[in-house]
Amino acid sequence: RLARAAGRAPAAAAVALVLLLVGFGVYLGRFGRWNSWDVLLRPGAVLADAAGALVDPRALAFSLLFAAFLGAGYLLLPPPRAAEALDREGQDGRLT
């Protein structure tokens with residue numbers, strides 16, 4: 001839907017940005033030991049730790065590698081609509 005609305009290049013850039021942010025979030029949760037509640041309860045400490053992690057080469061490498069792992073799954077796995085189509089196949093014997 002995003003590619004139809006905004007174009008392929010902006011949609012790909014948005015997906016890449018989200019994957020990088022998710023990778024960085026996983027880094028903060030795994031190595032910084034932060035969780036989602038900490039963003040609400042101690043936002044200053046989380047932001048300070050995130051700012052420090054932005055200059056740490058290990059944090060950036062982990063974030064990039066995790067984003068690449070997720071991106072590979074995004075590109076290789078079928079979209080959820082494929083599962084819905086398979087469910088419909090059982091109803092009338094053919095894929096619609």
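Colleague: How do you know which way α2 passes α5, in a left-handed or a right-handed crossing?

Modeller: This is a predicted model, and in it α2 passes α5 in a right-handed crossing. The word applies because the near helix is turned clockwise from the far one.

Colleague: And what makes α2 oblique to α5?

Modeller: The two helices pack at an angle of about 130°, with their axes 8 Å apart. Roughly perpendicular covers 65 to 115 degrees and roughly antiparallel starts over 145, so α2 counts as oblique to α5.

Colleague: Which residues make that contact, then?

Modeller: From α2, among them are Val 15, Leu 19, Phe 24 and Tyr 27. On the α5 side they include Phe 62, Phe 66, Leu 70 and Tyr 74. By class, the contact has 14 nonpolar, 3 polar and no charged residues.

Colleague: What is the class make-up of the contact of α2 with α4?

Modeller: Phe 24, Tyr 27 and Leu 28 of α2 meet Asp 49, Ala 50 and Ala 53 of α4. That gives 5 nonpolar, no polar and 1 charged residues. Aspartate counts as charged, so Asp 49 is the charged one.

Colleague: On to the pocket. What is the lining of the largest pocket like by class?

Modeller: The largest pocket holds about 560 Å³ of space. Its lining has 11 nonpolar, no polar and 4 charged residues. Of the 15 lining residues, Arg 1, Ala 3, Tyr 74, Pro 79 and Arg 81 lie nearest the centre.

Colleague: Which helix gives the largest share of that lining?

Modeller: That's α2, with 4 residues. The elements giving two or more residues are α1 (2–6), α2 (8–30), α5 (57–76) and α6 (80–92).

Notes:
Residues numbered from 1 in each chain as written. Predicted model: local features only at pLDDT ≥ 70, side-chain atom pairs only at ≥ 80, totals over all residues. Heavy atoms only, no water. 1 Å grid on protein atoms, 1.4 Å probe; cavity = no way out; pocket = protein on both sides within 12 Å on 5 of 7 lines; lining within 4 Å. Points joined across faces, edges and corners; volume = space filled by probe spheres on them. Axes fitted to C-alpha atoms, helices over the stretch in contact; angles between N-to-C directions. Parallel < 35°, antiparallel > 145°, perpendicular 65-115°, else oblique. Contact = heavy atoms within 4.5 Å.
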